[in-house]
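Good morning, and thank you for coming. Please look at the structure on the screen while I describe two parts of it.

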Amino acid sequence: MWRWTRWLLIVVLVLFGSSFLPWSISPQSVTLPDRLPAASPPESMRVSALPTGVMHSSAMLAFRGGNPMEPRDFSMTAVLVQHPRGDLLIDTGFGREVDAQVKLLPLLMQLTTEYDKGTPVADQLSAAAYDINSLAGVVLTHAHWDHVSGLDSLPKTPILVPSSEQAFIASGHEASQLAQQLTAGRLKSYAFTDKPYLGFAQQFDVWGDGSVVLVPAPGHSPGSVLVFLSLPSGQRLALLGDLVWQLDGITELAEKPWIARRLIDEDTDAVRQGLSHVVAIAQQFPQITFIPAHDPQAMATLPVYPETLR
Ligand SMILES: [Zn+2]
């Protein structure tokens, strides 16, 4: 009964919402460089995935125009970037207290949330004999609960966010309350430099070698970032956080469903702008692999730790 009530609610909300909006958005005209930005990643750099659970949903809730009958899982996965100057974890996925954390979500989100939890990142790393003290930091694509939940198992790791996200965490906003609890006393903010990167006006080149470059992509939250990775093999990856939830957002130029944009995106125009920018990059540089945080197939590009991509 609960299940049917939930689905009925979702169908009504999404049908209602999508009927009022223009169907598509168009790629933004962004001035992009002719070539990919230079990078000299060290030979020992590696990237891998740490899946911590999935949420079960439908394509209708994954992107605008998605089929309500098509089941879609949402990955809850952290990405480990091993680099000789310091290993970074990009987001954390689900932590140990996910059951309790879900109960604190707004009711509508609780009603639309069915999930399976896996092993928290810290436990996966320890099981693979990885010393979590080797982590130089956790880079948050943004401070929403499903990206910070696993911080509870990494109590000493510094957390890197731009100052705009630090302010969002400090604001007491409902969407960043868990982050406020879990990041207390260990937030390290960084500043972007005014050096363009793939049409973005600013960037933060974490290790100064172009291997891990963060660019501001505000909208989903005020300090959301995209993470561009350049691997020693020459492969390029773009971790999109929640700019879109699944790859259809990029391939179909389809933003999140209306209800999700209304409830979750802080600034829908900015998200739309970021999306069309990324679509323009994807069209000009098809060699980049784009990975939205919650797309399990895109995430499967990355081997699961201790397997790694180089
Ligand atoms: Zn998310």
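Valine 81 stands opposite leucine 88 in β3. This is a predicted model, in which local features need pLDDT of at least 70 and side-chain atom pairs count only at pLDDT 80 or more, while totals for chains, interfaces and linings use all residues. Residues are numbered from 1 along each chain as its sequence is written, and side-chain values use heavy atoms, with hydrogens and water left out.

Strand β2 (residues 71-82) runs antiparallel to β3, joined by three bridges; strands here are DSSP runs of E with at least two residues, helices are runs of H or I with at least four, and both are numbered from the N terminus. Two strands pair if DSSP finds at least two bridges between them. Four residues separate β2 and β3 in a hairpin, and glycine 86 in the turn has a positive phi of about 150 degrees.

The pairing of β3 with β5 (residues 135-139) is parallel, over four bridges.

Is strand β3 covered or open on its faces? Both faces are covered: Asp87 and Leu89 on one side, and Leu88 and Ile90 on the other, are all buried, that is, under 20% relative accessible area with a 1.4 Å probe and protein chains only, where exposed means over 50% and partly exposed lies in between.

I turn now to the metal. Asp146 (OD), His147 (NE2), Asp242 (OD) and His294 (NE2) coordinate the zinc ion at 2.0 to 2.2 Å; donors are N, O and S atoms within 2.8 Å of the metal (3.2 Å for Na, K and Ca), and sites may look incomplete because water is not among the atoms. Aspartate 146 lies in helix α6 (residues 145-148) and aspartate 242 in the loop between β11 (236-241) and α9 (248-251), so the pair ties together parts 96 residues apart in sequence. Aspartate 242, at 4% relative accessibility, counts as buried.
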